[in-house]
Amino acid sequence: MLSANAQEAGQKVAIQRNTFGEVLTEYTAARSGKVGARRTDATAEPGTPIIFIIFDSASAVGGDVVVE
């Protein structure tokens, strides 16, 4: 499901399953861009980012402000 290819806004990028293999949630890309990084852990705590989409924006629109 996850790839380094371009992702379009609204495209499915991940599927969360329980230990029985049942689908709990499907995640979609909020913006068009490329997958920059993804988690490979079998488990993750709620709120933990599982995928990072790299996108180009001439001006900041939506999302969180990241201070480095």
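1. A salt bridge here is a side-chain nitrogen of Lys or Arg within 4 Å of a carboxyl oxygen of Asp or Glu. With that in hand, a search of the whole structure, which is a predicted model, turns up 1 salt bridge. Its partners are the side chains of Lys-12 and Glu-26, at 3.5 Å from N to O. Lys-12 belongs to strand 2 and Glu-26 to strand 3, so the pair links parts of the chain that sit 14 residues apart in sequence.

2. How exposed are the two partners? Lys-12 has a relative accessible area of 32% and is partly exposed. Glu-26 is partly exposed too, at 43% relative accessibility.

3. Strand 2 (residues 12-17) pairs with strand 3 in the antiparallel sense, over 5 bridges. The two strands make a hairpin, with 5 residues between them. In the turn, Gly-21 has a positive phi of about 85°. Within the pairing, Arg-17 stands opposite Val-23 of strand 3.

4. Now for the other pairing in the chain. An open sheet of 3 strands has the order 1-4-5, and its pairing is antiparallel. Strand 1 (6-7) and strand 5 (51-54) are the edge strands, each pairing on one side only. Strand 4 (residues 33-38) is joined to strand 5 by 4 bridges, again antiparallel. One of the bridge partners to check on screen is Phe-52 in strand 5, which faces Ala-37.

5. Taken as a whole, the protein chain has 5 strands and 0 helices. Of its 68 residues, 10% count as buried. The accessible surface comes to about 5700 Å², with 52% of it belonging to carbon and sulfur atoms. Among contacts with a separation of 6 or more, 27% are between residues 24 or more positions apart.

6. A friendly word on confidence before you set anything up from these coordinates. The mean pLDDT of the protein chain is 78, and 78% of its residues reach 70 or more. Which elements mark the two ends of the range? Strand 1 has the lowest mean pLDDT among the elements, at 80, while strand 3 (residues 23-28) has the highest, at 87. Where pLDDT is low, the predicted coordinates should not be read in detail.

Technical notes:
Residues numbered from 1 in each chain as written. Heavy atoms only, no water. Pairing = 2+ DSSP bridges. Buried < 20%, exposed > 50% of the residue type's maximum accessible area, 1.4 Å probe, protein only. Contact = heavy atoms within 4.5 Å. Areas by Shrake-Rupley, 256 points an atom, 1.4 Å probe, with all protein chains shown as cover. pLDDT = per-residue confidence, 0-100.
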